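I opened this notebook to look up which charged side chains pair up. I wanted each entry to keep to what I could check.

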Amino acid sequence: MRMRKHQWLRTTLSRAYYCTFSSSFPLKHVTQSNFESAVADLKTHLKAADFVAIDLEMTGVASAPWRESLEFDRFDVKYLKVKDSAEKFAVVQFGVCPFRWDPLRLSFIAHPHNFYIFPRQEVPTDSSSCEFLCQTTSMDFLAKYHFDFNACIRQGVSYLSRWQEDEALRRLNLRYEDELSEQARDVPLFSITDILFSERMKNRLREWRDGLLKDTSGGSQLEGSFLNDSNQQFQNIFYKMRPALSLNGFTSHQLRLIQSVTKKHFKDLAFVHVEGESSCSQQLVVYTDSESDRDLLKKEVMDDYRRQAEMKIKAAIGFRHVIDLLSSEKKLIIGHNCFLDLAHVHSKFLGPLPLEAEEFVHSVNKCFPYIIDTKILLNTNNILKQRMNKSKTSLSSAFLSLCPQIAFASNESCNLTFSSSVKVEVQVDDTRSSSWISGVKHEAGYDAFMTGCIFAQACNLLGIDFKLYSPSENLACNERLQKHANLLYLSWINGDIIDLSTGHRTAESLRCRDLKKWQTGILFENIVLIWGFPSDLKTAVIKDRISKVFGPTSVTSICRLDETAVFVQFSKSKLVADFLLVKETLDRSNDAFSVLHPLSTILEGGSTCAASYETYKDICSSPLSKVLFADQARAVGIRWKTKLVERKEEIEIEEQDNFREENAANTISVYVEQN
């Protein structure tokens, strides 16, 4: 009988904590109602984790069509576009998934958490309430995959960034100092009304105070004429064990007059401003036994106010507690194409984004010293590229390619085919499964889970044997991963990579890119930005008109920003200055020659503007975002039509051209020898 009981107990526990068949249960969804308990559990999982995968869901990506990623985006412009996106759009879901290697089960245990967050204004600030943009395509995508907008808006966890917390505390200290200076300041009496009001208040306060002194044991003296006041402006109460008058229905100016009267005429009365439990302010005149008692009371009131305000600020930190946990544990953070994700993390939870990409990566590296981007890992490692077999490296495609036994949890044939893959079990609260089906994809928590699974399988393919893995070992320091650690794509289109550890930028390896495309790459000093031309003007026509003036091989490529603007790349940097000079000359001329000139088609309407690439960077750095680029240029204050390239800048560009040609020739010869 006892043996049966033990056997039943083992079976019950096994079912509660582990399922061998495909099982469907939801993610750990976290809102305001279960935030504290979820963070407590997450803290335990993070301490034991070998790495943590993250993913974010936002309300949009690009605040204007021309702010989307373009082939002609230089690394610094790409950062400015990411900065604009992170500052203008909101994060509505934050996925956090710690992964821990279990040496007994020879598998990773994943704990996916799906946090709903919403930027509520929990602490009063000098600025207006929080605002953010919503992009229709992004919102439609969220709705398509059953995003719970009600849960996000009503129950989403709010947050304060570290900078916002510091600012709130700074404003608190300023208010503390202002309150002290306000108490020491007399209010001048400019009108007869103020004089009469002050005199009446002085008489009333003296009557109340004298009544207290006359008979401290009798309630009738305390009541006096105040309880008979039909307006109920005075109410007898006790505050901190002292008799007090609560002042109601007075204007802020009248209250300052009462404060001045109290300070000037009554050494044993103190005017205090207190915050009620429901955040309602209350003004009191309190009787004190002595001058020292009055000073003690004022100090107690100010200390109470500061303590309550600090508690309110700390309570408003909200979801940032999760970011602080990730930072303090110094765990390896895994993301997929996560440059924008980290920009949001910085903007929402650390502080305002810096103007330069180098400052941004330094700040991120200080907070998160170990980061690996799985998209870079898949695109720069030959073993993983071979395994991907030219498949797309998007998150869902990479998950299907590297983790089919997880993606198709119910398909037993997949488990047999990829039996050498790393096993991953999922645990949510007390439910665990090795064949987990979440039920809903494209949630931040599930995408974080997919990202972590991709990384685990990538490590296995790179030859990292987790059976020999020690929990004390830092995966980021593994020799097979070190060269991929702390690298982020600044521009995925151009292959610009930045090192978080050093701030240095590198281009993606030549072996990873098409040599022909690299040879005819983008030279930003050869680019002219043209905008404000007729909206129906075709790109081919623009190229044709410019080629008629500067030669058939003068234009190597044209990139359209939108219907009002284009990039034109010339074959030589000298042609940039030549084009701008010709355009300025035509703008000033009104003769028959200018009308018949090939460029007149582009200049038709008199609103066409042109400048070098640096002007594009200046326009992108503006916090404004107009839908059309031409409108954006006007909004940032550009009134000129042509910005010429200075001769000094032209000489520097020619020197850079010569250096680049020599360097390119040497690099290509090395590449040919290696291959």
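I looked up the network of salt bridges first, and found that Arg162, Glu165, Lys314, Arg320 and Asp324 are linked in it, a salt bridge being a side-chain nitrogen of Lys or Arg within 4 Å of a carboxyl oxygen of Asp or Glu. The model is a predicted one, in which local features need pLDDT of at least 70 and side-chain atom pairs count only at pLDDT 80 or more, while totals for chains, interfaces and linings use all residues. Residues are numbered from 1 along each chain as its sequence is written, and side-chain values use heavy atoms, with hydrogens and water left out.

Is Arg320 buried or exposed? I read it as buried, because its relative accessible area is 5%, where buried means under 20%, exposed over 50% and partly exposed in between, with a 1.4 Å probe and protein chains only.

Next I turned to Arg242, which forms a salt bridge with Glu300 at 3.8 Å between the closest N and O atoms. Arg242 lies in strand β8 (residues 242-247) and Glu300 in helix α10 (residues 291-315), so the pair ties together parts 58 residues apart in sequence. Arg242 is buried at 11%, whereas Glu300 is partly exposed at 27%.

Definitions and conventions
Helices (H or I, at least four residues) and strands (E, at least two) are DSSP runs, numbered from the N terminus.
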